[in-house]
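Please look at the sequence and the model before reading on.

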Amino acid sequence: MNLKRVTNNSLKFMWAIVLFFASLVFSNAQCILDDFANDLAGSNATELQAFLDETADGFSSWKVVRNARGSQSLFKTDIDLLKKVAELRNDAQFLDRIGGEQGLQRIIQANVRARCKSCGSAGAAYLKHIDDYLDDVRHLVDNYNDVDGFADVITDLKRINSSGSPNLNVEGAAFMLRIIKENDDTFLNSITKFEGSIDDLTNGCKYDLQFSNGQTISFGEFKSYAENSIGNFAATGKATYQQLTTYLSSLNSIDELIYFFDAAKISDIGIIKNRFKTVFKNNAEDIFNANQDLFKQFDRLDGTGKIDDWEDFLELVSDDNFVNHPMLDFIVLN
Amino acid sequence: MYTVRHTYHNIDGHIESNVGTILLGDSGGVFKLMNGKAEPIAKAQKIKKLIRYDETSLLLLDSLNKPLKLNLEQGDVEPFTIIDDLRVFDVKGDHMFFYVKSPKRYNGIFQISTGRVLMESEKDLRGVIYKKLCFSGIDNVLASQSIDSGERTWSLDVSEMGAHEAGPFKKRKPGEVKKILGVWKDNLIVVITKGLILGLNPKIGELNWVIGENEFDPFVEGGRKIPLLGEIENWFLDAENGKLLGMQGRRYVEISLEARKVALIKDFENDFDQKGLFVKNAQRVNDRILFSAMRHELWKLTDTVKKVGYTQIDTIGIFDINSKEVIWTNVLEDLQGDFIKEIMLSGEDIYAHTNTKKLYHFKADH
């Protein structure tokens, strides 16, 4: 008797739960349909209708963007983005490598400050438009899916801060993706490892990579500093300084290192090289001793031979023209 | 074949001497290794480097290369003041290469056995001495100077021959002398940039031959051509057998000096038994090459090759020149992001020194 009453109560409770969630699903579905109807009546209605006419299951692409950026977002009526999403949704191998449609949704969601081409000027001007960014993601996925650390890059491209604040690691990784895609000559078939390094929450520099031509192994370090923050780079005792000296200490030749700075954030390489000059000058003995063999390959300022000790090194790096010296050719603005 | 017997911490340097292995602690203590224990023998402040001077003494150099002399038998440390403001660049055999900065900078060669300065020069003296000639690479020029007169006897500008062409992220750079290896059958053997090896008449500087030009791999990953030799830092002259031995990256290379061409290339990366080694530094001791390396493991799956990036420099090994095989490797598993910076093979002992001042001492198993 008691058992029967308990069973009846349990069934009622379960039905209540099912009905509750069903109502949520239906109300969410209703919300989505309402949003879709609004967009079809909105300012971009003609273009959106044309996209839907041309694209098989165009609604699903619209839904991916809507779920990624929200019901109020202009992204879901940006035709370039919708076309890109439709293209990527049709690439089963690509979707498989990024964690399916939900993975694509999170990648669009996580690059919080990226703009869309029809969305006006809000967002970060140094980031690519979201559809072009997805092109960079695809280039990475198509060409580097078997490289060590690839999965970590994808995880970071999907990382969303719980507070909803911009994820600077995504922006650092986006910078790396852009450089890789623009420089196939250097990187295609050469990258051997992606490695998350210093998690710099201020400047969003997270990734570095290792590439090889079979003879040497080189390191690419990606830094996205703006002019007003470059003074923070490699401050004595800080993580970026330790990272720089560790890199320098492991090289046989300065050609094995490239520090990429984001040309979309800082336009004058002289400012960056001046910062390096200051860092080298302020820490001359420490930096020289990190790898004497490396710095002894360079000529002294007086032109009579090679650097012998840290005094020679200090004299060289203190020179007004040091910013044009080959020692700093490892700094690239791109 | 070898196993780690001891690990020492806070070590700035180490060197072999007639009385055994000498360690330099980072607080200035100099120690002699005795049965696995570091026994203090002397103390001196701000010493950064040890150099062998003669049978019974070492030079202790500070960070400006100013020397103190340590008598290994007495343990005495005294100023080394044969010249005011002396700074020591290196000691090779009976010759000490030095420089002086004040009142005006000059360079010199001091003969240890006779206690006299053989020559002085405004330009660097850094290279190889052969029949009263000193060969040096200064800026973009290979030069010969007479030890007797101090005059330059000949020079060869390599700035065009060894120039690096501009490439992605790289500017064009003039050629430079990388290493002067020595003399073989009246040929001065010199390595310059772009991986070129020159053979010159040591007396007059005439260029006899060049190895490395126009030698490219026909098949390279990604369809790109790379030089057959590349820029190998670790070249060794085997004058007795007329060979050059090179070891760097994934390759061991032998060049026949008689035939003036590559005689052998061994590729470690494609040889799974050789653990995908990528050699960074190497030194030759008799018929063996001790090396430090990164590793690049390739995991062959059913339809793809899984690429795994290179590790830090965490491996040391021995390559046998006769069998052309790596006969021993050891991975230092506990480096935790540190890497091997220097290696040394001495009798039955091997030393691996890390960037964080840790020294691993291996001993041969019997």
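In which order do the 4 strands of the open sheet that contains β2 of chain B stand? The order is β2-β3-β4-β5 in chain B, and the pairing is antiparallel. The model is a predicted one.

- Chain B has 34 strands and 0 helices, whereas chain A has 15 helices and 5 strands.
- Of the 366 residues in chain B, 37% are buried; of the 334 residues in chain A, 38% are buried.
- In chain B, 35% of the contacts with a separation of 6 or more join residues 24 or more positions apart.
- In chain A, the corresponding share of contacts is 62%.
- Along the principal axes, the C-alpha atoms of chain B fill a box of roughly 65 × 50 × 40 Å.

**The sheet from β2 to β5 of chain B**

- The strands β2 (11–17) and β5 (37–43) of chain B stand at the edges with a single partner strand each, so one side of each has no neighbour in the sheet.
- From one strand to the next, the twist averages 30 degrees.
- Strand β3 (residues 20–25) of chain B runs antiparallel to β2(B), and 6 bridges join the two.
- Within this pair, B:His14 has B:Leu23 in β3(B) as its bridge partner.
- As a general point, strands of a sheet pair through backbone hydrogen bonds, either parallel or antiparallel.

**The sheet with β26 and β31 of chain B**

- Another open sheet of 4 strands in chain B has the order β26-β27-β30-β31, with antiparallel pairing.
- Its edge strands are β26 (277–285) and β31 (325–331) of chain B, each of which pairs on one side only.
- Neighbouring strands of this sheet are turned against each other by 25 degrees on average, direction ignored.
- Strand β30 (residues 315–320) of chain B pairs with β31(B) over 6 bridges in the antiparallel sense.
- The bridge partner of B:Gly317 in β31(B) is B:Thr329.

- Why is β20(B) described as largely enclosed by the rest of the structure? The reason is that 5 of its 5 residues are buried.
- B:Leu196, B:Leu198 and B:Leu200 point one way from β20(B), B:Ile197 and B:Gly199 point the other way, and all are buried.
- Strand β19 (residues 187–192) of chain B runs antiparallel to β20(B) and is joined to it by 5 bridges.
- These two strands form a hairpin with 3 residues between them, and B:Lys194 in the turn has a positive phi of about 75 degrees.
- β20(B) is also joined to β21(B) by 4 bridges, and these strands run antiparallel.
- The hairpin of β20(B) and β21(B) has 6 residues between the strands, and B:Gly205 takes a positive phi near 80 degrees there.
- B:Ile197 stands opposite B:Val191, and B:Ile197 also stands opposite B:Ile211 in β21(B).

**A buried proline in a loop**

- B:Pro202 lies in the loop between β20 (196–200) and β21 (207–211) of chain B.
- Beyond its neighbours within four places in sequence, B:Pro202 is in contact with B:Tyr130, B:Leu133, B:Val183, B:Asp186 and B:Leu188.
- B:Pro202 and B:Phe135 are 67 residues apart in sequence, and their C-alpha atoms are 8.6 Å apart in space.

**The nonpolar cores**

- The largest nonpolar core has 85 residues, and B:Val190 and B:Phe291 have the most contacts inside it.
- Leaving aside neighbours within four places in sequence, the contacts of B:Phe291 include B:Met247, B:Val279, B:Ile316 and B:Phe319.
- Another core, of 70 residues, lies apart from the largest one and includes A:Leu104, A:Leu134, A:Phe288 and A:Ile307.

**Where the chains touch**

- In chain B, 39 residues are in contact with 38 residues of chain A.
- β10 (86–92), β26 and β29 (305–307) of chain B each supply at least two residues of the side that touches chain A.
- That side of chain B is made up of 12 nonpolar, 10 polar and 17 charged residues.

Methods. Residues numbered from 1 in each chain as written. Chains lettered and ligands numbered in written order. Predicted model: local features only at pLDDT ≥ 70, side-chain atom pairs only at ≥ 80, totals over all residues. Pairing = 2+ DSSP bridges. Axes fitted to C-alpha atoms, helices over the stretch in contact; angles between N-to-C directions. Contact = placed C-beta atoms within 7 Å. Nonpolar A, V, L, I, M, F, W, Y, C, P; charged D, E, K, R; others polar. Buried ≥ 20, exposed ≤ 12 C-beta atoms within 10 Å, placed from the backbone. Core = buried A, V, L, I, M, F, W, Y, C linked by C-beta atoms within 7 Å.
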